[in-house]
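Me: Please take a close look at the pairing of charged side chains in this model. Then follow it into the surrounding fold.

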Amino acid sequence: MTRVSAQQALGLVAVISGFAALYLAHSFLRFRNFEARGYDLGIFDQAVRRYAQFDAPIVPIKGDGFHLLGDHFHPIIATLAPLYWLWDDPRVLNIALVVLLVSAAIPVYLVVRGWFSHRVGLLAAAALLLWWPFQAFINWDFHEIAFGVPILGWVIWALERQRAWTVVLLSAVLLLVREDMGATCLAIAAVLLIRRHWVQAGVLTILGLVGLWVAVGVVIPHFAPDGEFSYWDYTALGPSAGAAAVFLLTQPWNALPILVDHPLKIALLTAHLVPLWLLPLASPYTVIALPMLLSRLFNDRLTVWGLVYHYDAALAVIFLLAAFDTLRRIRGRTHSKKTFLPAVVLPVSLMVLSVVGGAVVQWATDRDNQIFPLHWTYTGQNWQMPERADAHQRAVDLIPEGSCVEAADTAVPHLTGHSYVGLAGTIDDSRVNWLIIDTWAEELGGNDPLSPDEAFARAGRLGFETVAQDDEGLWVLYRDIPNDQTCTDFVN
C-alpha cells in the first residue's frame, strides 16, 4: 500500500475542516437559540466541570448529590477537564464532540483508500460525515459515546493491518467509554477469532468480561443512590441478565420477533442497512456492531429505538466500513483493476440522500424529529435568533449567581456555570429558591418529570412568587430564602 501523499492528505484535511466548520456552526447556533438541553449537555457540563476542579462528578440535574458514575460508567470524560481551564463554558464539550466525530473520517478514509483508491476513500469520509447518524449526534450535543466513534474506526483499521495487539489496546480504551463496551469487546474478540488471532482474542475476551463486571457489578452500584444498576430495561428477555441469557440460549426463535415488533425498530434497521444496499450483512465487521444494535432493539425504552439521538454514529462507522468490505470482496472476484463503479456510487448516493433528505424531511415532520438537521444551518434557516430564545435569555438573566435553581431543560446549560441547577423536582425542597417553568413543554425533564401544572402546584406549596410571567411560555418564580451553602460552594 502506498503512503498518503501530501496532496492526498490536504484533500482529507479539507473535507474534515469543512464538516468541522459546519458542525461547529450548527452546534453554536443551537446553543445560542436555547435548543441545547440539560439532558445531556447540562449533565456532562456539570460532571466535567467538577472533574476540572478535582472534585467528584456530582450532577444536580440528576438529583441532589447525584454521583454520575452511579448512572453510567464513563471515566474517559475526565480527560476533557483541562478544556475548562481554557474556556469555562458548556460549549467546550461540543467543540470536543466535533473533533471526535470528524476524526472518525481518518480511519475510514485510510481503510477504504487501502481497499480502493484515494478518491473512493475521500468520498467515503465525506459520506460518513454528512450521513444522518452524524447529523443527529451533532444535533443532540455532547455524549460519552462520542469517544467510541473514532476508536471503533481505528479498531477496524488495525484489524485490516493485522495489528492484533493494537486492536486489544484500542478495545481496552473502549471499556472507559461506557459500561456496555465490554460486550462490544467480546464482539471484537470474535472477529479476532475469525482472523485466527487466538491469543489476542482470548485476552480481549477476558478484558471484556472483567470490564463488564467492574462497571455494572462494582462501580455503578457503589455510586448509585439505590445501590443498583438502573438500566436493566429488557423485560421481554427476562427479569435479570441471567434470565435473559437463558432465554436467548434456549429460545432464540422467540427472541427474534422482538427485534422487529415496533415500526421504530424497523425504521432503525432500514435507515442503517437499506441505503448501504444491505452490504454490511455480508461482512464479518458487522459482528462488532451487534451488541450495540441488539441492546437497543431488545430494550423496553422507545427512545433508544429512535433515529434522532446520539446512538447511531458508532454504528454508522462500522456499517459503512462493512459495506465497503463487502464491495472489495465482490471486486476481488471480478479480478478487475479498473475503478470499481459501485464503490463510487455508494458514497455519492449517501451524500445525495443526505442533502435531498434534509430538504424533504423539513416539511414532513417537526424539527425535533428530523434526522438531517444540518439542513437548517447550511440553508441559513436557523441563523436568526428566535423570539423564544430572547425570552429564555431574559429568564436566565434574572437568576443570580450561586442560586439553587430548578430550570426548564432548555435553560439549564446556560445556568450550569454560575448556579446549582437542576430540573423541576430534582433539588431538595428546602434549598431551591428560583424556578424557571416552561409551560410550552408537556413535561419538564428528568427521570421522573413533572408536568408544568405539577411544578406550579409545588411552587405554590413552597411559597414561591412570580417574578416574570408567561414570557413566550416561560415563568420565573422566586422565594425569599438565603442561598443554601451547598449551592454556593458548588459553583465556587
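Reply: Asp88 and Arg49 form a salt bridge in which the closest N and O atoms are 2.1 Å apart. Asp88 sits in the loop between α3 (81-86) and α4 (91-103) and Arg49 in helix α2 (residues 38-52), so the contact ties together parts that are 39 residues apart in sequence. The model is predicted: local features need pLDDT of at least 70 and side-chain atom pairs count only at pLDDT 80 or more, while totals for chains, interfaces and linings use all residues. Residues are numbered from 1 along each chain as its sequence is written, and side-chain values use heavy atoms, with hydrogens and water left out.

A salt bridge here is a side-chain nitrogen of Lys or Arg within 4 Å of a carboxyl oxygen of Asp or Glu. Helices (H or I, at least four residues) and strands (E, at least two) are DSSP runs, numbered from the N terminus. Side chains of opposite charge can pair when their charged atoms come close. A search of the whole structure finds 22 salt bridges.

The two partners of the Asp88 pair fall into separate accessibility classes. Buried means under 20% relative accessible area, exposed over 50%, and partly exposed in between (1.4 Å probe, protein chains only). Asp88, at 47%, counts as partly exposed, whereas Arg49 is buried at 9%.

Among the buried residues of α4 are Val92, Leu93, Ala96, Leu97, Leu100 and Leu101. An α-helix has 3.6 residues a turn, so residues three or four places apart point the same way.

Another pair joins Glu144 to Arg178, with 2.6 Å from N to O. Both residues lie in loops, Glu144 between α7 (132-138) and α8 (148-160) and Arg178 between α9 (164-174) and α10 (181-194), 34 residues apart. Glu144 is buried at 0% relative accessibility, and Arg178 counts as buried at 14%. A network of salt bridges also links Glu160, Arg195, Asp325, Arg328 and Arg329.

Asp471 forms a salt bridge with Arg394, the closest N and O atoms being 2.8 Å apart. Asp471 lies in strand β4 and Arg394 in helix α19 (residues 387-397), so this contact ties together parts that are 77 residues apart in sequence. Asp471 is partly exposed at 23%, and Arg394 is partly exposed at 43%.

β4 belongs to an open sheet of 5 strands in the order β2-β1-β3-β5-β4, with mixed pairing. The edge strands are β2 (420-422) and β4 (465-471), each of which pairs on one side only. Two strands pair if DSSP finds at least two bridges between them. β4 runs antiparallel to β5 over 4 bridges, and Glu465 has Tyr478 of β5 as its bridge partner. The hairpin of β4 and β5 has 2 residues between the strands, and Glu472 there takes a positive phi near 55°. Of the 5 residues of β5, 4 are buried.

Further in, β3 and β5 are antiparallel over 5 bridges, with Ile436 opposite Val476 in β5. By contrast, β1 (residues 404-406) and β3 (residues 434-438) run parallel, joined by 2 bridges; the bridge partner of Val405 in β3 is Trp434. Helix α20 (residues 452-462) packs on the sheet, touching β1, β3 and β5 (474-478), and its direction makes about 155° with that of β3. Axes are lines fitted to C-alpha atoms, for helices over the stretch in contact, and angles run from 0 to 180 degrees between N-to-C directions.

Ile436 also takes part in the largest nonpolar core: of its 153 residues, Tyr23, Phe134, Phe324 and Ile436 touch the most other members. Helix α16 (residues 313-334) gives the most to this core, with 13 residues. A nonpolar core is a set of buried Ala, Val, Leu, Ile, Met, Phe, Trp, Tyr and Cys residues joined through side-chain atoms within 4.5 Å. Leaving aside neighbours within four places in sequence, Ile436 is in contact (heavy atoms within 4.5 Å) with residues including Ala395, Val396, Ile399, Leu415, Leu474 and Val476.
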